[in-house]
Amino acid sequence: MRESFVDAQENTTDRYLELCDVWRKKYLEMDRQELKERFHLEGGQDAHFITYFSQRYRLDQRTGMLTLEADPERKLPFNTVMSIYHLFYYSKPYARVSGRFVPFRDVKRAAPFDAAFKRNILDAAARTFDGHLAELHKACKALGGQPVAQGDAGYQIYAFDCMPLQFIFWDGDEEFPAQANILFDAEITDFLHEETVVCVGDDLFRRLTEEAGLEKVRRPFGAR
């Protein structure tokens, strides 16, 4: 029997929950004191704290559970959970930003995912913010963004303290449709697996729509 759409969604949710639990357990096996020192995390014996797109997350040191400090009961997006655990797991001890920004297709080993990244994130962001330039400026500033001299709205925004990104947006007009781009540090794969870079890009899009008050306009990840 063919799986219904509802069943497929539930099964996907179950798989995501299982994967999050796998990574929770992996986190507990890591040298968490070394991670705290390397990433300059706040906290003590009970919990460590990390900031991701201007929101502070709590890592319980007994259970490994990850929660949003301001709203511990909120269900966290899968991308957020993976991005935080993966930063700790995949980041190389010598990882350093280069200061050189590149589009997603030029991120090391990321080219196979470029078409999906463009369709699901960049094109969706262009549609969402088209005609909403004021809201986008407000959202970028709410995430601590610093203006860069590109596009109609261009900002450098930090995912983590060690991970700057640049979001560039051109509003649409009678000649050209709106366009959006996200630039990553050329050495981002010293901090994350290349597939996780997709998660970070989608989380940037999500956080911008939240701060802009446009989350209902935003197309879900994977939508066509």
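Reply: Helices (H or I, at least four residues) and strands (E, at least two) are DSSP runs, numbered from the N terminus. This is a predicted model, where local features need pLDDT of at least 70, side-chain atom pairs count only at pLDDT 80 or more, and totals for chains, interfaces and linings use all residues. Residues are numbered from 1 along each chain as its sequence is written, and side-chain values use heavy atoms, with hydrogens and water left out.

Me: What joins β7 to β8?

Reply: A hairpin does, through 5 residues. Strand β7 (residues 153-158) and β8 run antiparallel, with 6 bridges joining them. Tyr158 stands opposite Pro164 in β8, and Gln156 has Gln166 as its bridge partner in β8.

Me: How do you know that β6 and β7 count as a pair?

Reply: DSSP has to find at least two bridges, and β6 and β7 have 2 bridges, in the antiparallel sense. One spot to look at is Gln146, which stands opposite Gln156 in β7.

Me: And what is the order of the strands in the open sheet?

Reply: The order is β5-β9-β8-β7-β6, 5 strands with antiparallel pairing.

Me: Why do β5 and β6 stand at the edges?

Reply: β5 (101-103) and β6 (146-147) each have a single partner strand, so one side of each is left without a neighbour in the sheet.

Me: What makes β8 "mostly covered"?

Reply: Buried means under 20% relative accessible area, exposed over 50%, and partly exposed in between (1.4 Å probe, protein chains only). In strand β8 (residues 164-170), 6 of its 7 residues are buried. β7 is mostly covered too, with 5 of its 6 residues buried.

Me: Why is Thr189 called buried?

Reply: Thr189 has 4% relative accessibility, so it counts as buried. You'll find Thr189 in the loop between β9 and α6. Contact means heavy atoms within 4.5 Å. Leaving aside neighbours within four places in sequence, Thr189 is in contact with Lys92, Val107, Lys108, Arg109 and Glu194.

Me: Is Gly151 buried, exposed or partly exposed, and what makes it so?

Reply: At 39% relative accessibility, Gly151 counts as partly exposed, since that category lies between 20% and 50%. Gly151 lies in the loop between β6 and β7. The hairpin of β6 and β7 has 5 residues between the strands, and Gly151 takes a positive phi near 70° there. Leaving aside neighbours within four places in sequence, Gly151 is in contact with Ile168, Phe169 and Trp170.

Me: On to the helices. Why are α5 and α6 called roughly perpendicular?

Reply: Axes are lines fitted to C-alpha atoms, for helices over the stretch in contact, and angles run from 0 to 180 degrees between N-to-C directions. Angles under 35 degrees count as roughly parallel, over 145 as roughly antiparallel, 65 to 115 as roughly perpendicular and the rest as oblique. Helix α5 (residues 133-142) and helix α6 (residues 194-212) pack at about 115°, with their axes 8 Å apart. α5 and α6 are therefore roughly perpendicular to each other.

Me: Which residues meet there?

Reply: Glu135, Leu136, Lys138, Ala139, Cys140 and Ala142 in α5 meet Leu208, Glu211 and Ala212 in α6. By class, that contact of α5 with α6 has 6 nonpolar, no polar and 3 charged residues. For the classes, Ala, Val, Leu, Ile, Met, Phe, Trp, Tyr, Cys and Pro count as nonpolar, Asp, Glu, Lys and Arg as charged, and the others, Gly among them, as polar.

Me: And why are α3 and α6 called oblique?

Reply: Helix α3 (residues 78-90) and α6 pack at about 130°, with their axes 9 Å apart. α3 and α6 are therefore oblique to each other. The residues of their contact divide into 3 nonpolar, 5 polar and 3 charged.

Me: Which strands does α5 lie across?

Reply: α5 lies across β7 and β8, running at about 25° to β7. Helix α4 (residues 114-129) lies across β8 and β9, at about 130° to β9.
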